[in-house]
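Please read the numbered points alongside the sequence and the model.

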Amino acid sequence: MVPSMMCLLVSHNNPNHTMSLLLIQLILSSSILSLTTSQISTCRTSCGDIPIKYPFGIDDGCGSPYYRHILACSSENKLELRTPSGRYPVRNLSYADPHVVVTDPFMWTCEDGEKFRPTRPFSLDTSTHFKLSPQNEYMFFNCSEDDVIIQPKPMFCEHFPEHCDSSCDSASYLCRHLPGCSFALPRSTCCSYYPKATESLRLMLKYCASYASVYWRNVGAPMPYDQVPEYGIRVDFDIPVTTRCLQCQDPLKGGGTCGFDTQNQSFMCLCKDGNSTTHCRDYDIARHSRRVHVIAGTVSAVSVAGVFGIGAAVWYLKKVRAKAPVTCGVQSNENRLF
């Protein structure tokens with residue numbers, strides 16, 4: 001500190017002046033040292049025991065924007081699939097053979113027996129990259145024969161091939177061997193049908209008491225025992241592969257997580273210390289460059305608060321000097337500081 005300013009502080013007996021000067025010093029220091037820090041995104045990698053990988057994300061900005069708000073992790077740490085018809089528990093999620101298996105709480109189960117609960121059709125948003133798997137097979141119970149063609153398919157298709165696709169097979173293997181409860185429906189009718197669209201499923205339920213979905217799960221055994229039927233709805237999905245995402249995930253380039261900007265949905269590589277539009281190593285290089293030039297940037301880009309703080313300090317010092325004479329040091333022109 002210069003001698004004249006030291007004299008100024010010592011010569012004043014009013015503690016309010018001292019406190020004011022300290023406050024001004026704090027304002028100036030905070031104005032110069034304040035730096036903008038980037039917001040870091042963290043993506044959860046699992047929900048319960050189900051791993052969450054690209055293209056999915058349960059945190060906004062993670063994964064592909066094509067699957068934004070599709071998966072949700074409940075407060076009970078259970079993974080759920082969101083569709084226009086509701087939220088469905090996810091039983092399995094495979095990335096090697098891209099598909100999701102969900103259970104519909106409204107569909108018939110073995111425990112229901114002859115008691116058919118009110119149900120609603122499962123549906124998918126056609127704008128997403130999801131589609132019903134051809135490995136699904138749907139069983140419909142107690143359908144109206146006036147509105148639904150219920151016939152044993154092999155024989156019916158031979159005589160009426162033009163109506164084969166729209167008929168519900170009363171002789172299907174699944175209706176004769178209900179998985180887990182072959183004799184659960186002794187007095188009810190059952191037929192099997194694969195709806196080509198969710199609208200077809202909605203129409204079928206309009207004329208049937210209930211339904212159950214069964215998908216054929218691969219177990220890796222020799223054919224013809226390589227698949228077993230299980231209750232559930234299999235939904236297939238696509239994994240959008242982009243060069244930017246592959247570069248972001250590359251361990252040699254920092255091993256980031258593919259994500260997107262929540263404002264404009266543009267690609268973002270989510271890194272441990274911040275985000276990048278390319279890959280994490282590129283972010284590290286840019287951050288190092290910012291650190292090298294931080295002093296020059298601070299000097300050249302003084303904040304508005306700093307400018308006002310300096311102006312306030314000068315004004316206050318002039319005011320104080322005008323009222324109090326200097327008792328040490330030499331001043332001229334009525335003891336002016338400047």
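**Note on the disulfides and their setting**

1. At a relative accessibility of 18%, C43 counts as buried, because the cut-off for that class is under 20% relative accessible area. The model under discussion is a predicted one, and the remarks below should be read accordingly.

2. As to the overall make-up, the chain contains 9 helices and 17 strands. It has 338 residues, of which 37% count as buried. Its accessible surface comes to about 20400 Å², and carbon and sulfur atoms contribute 58% of that area.

3. The structure holds 9 disulfides. Three of them are taken up here, including the one that joins C43 to C62 with an S to S distance of 1.9 Å. This pair links distant parts of the chain, 19 residues apart. C43 lies in the loop between helix 2 (15–33) and strand 1 (46–47), while C62 lies in the loop between strand 2 (50–51) and strand 3 (71–73).

4. Which hand does the link of C43 and C62 have? With -90° about the S-S bond, the link is left-handed.

5. The torsion about the S-S bond is about 90°, so the disulfide of C47 and C73 is right-handed. C47 has a relative accessibility of 1% and therefore counts as buried.

6. A further disulfide joins C143 to C208, with an S to S distance of 2.0 Å. Where in the chain do C143 and C208 lie? C143 is in the loop between strand 8 (136–141) and strand 9 (150–151); C208 is in the loop between helix 5 (198–207) and strand 12 (210–218). The two cysteines are 65 residues apart, and the pair links distant parts of the chain.

7. Are C143 and C208 buried or exposed? Both are buried. The torsion about the S-S bond of this pair is about 105°, so the disulfide of C143 and C208 is right-handed.

Terms used
Residues are numbered from 1 along each chain as its sequence is written. This is a predicted model: local features need pLDDT of at least 70, side-chain atom pairs count only at pLDDT 80 or more; totals for chains, interfaces and linings use all residues. Side-chain values use heavy atoms; hydrogens and water are left out. A disulfide is a pair of cysteine sulfur atoms within 2.5 Å. Helices (H or I, at least four residues) and strands (E, at least two) are DSSP runs, numbered from the N terminus. Buried means under 20% relative accessible area, exposed over 50%, partly exposed in between (1.4 Å probe, protein chains only). Accessible areas come from the Shrake-Rupley method with a 1.4 Å probe; for residues, only the protein chains shown count as cover.
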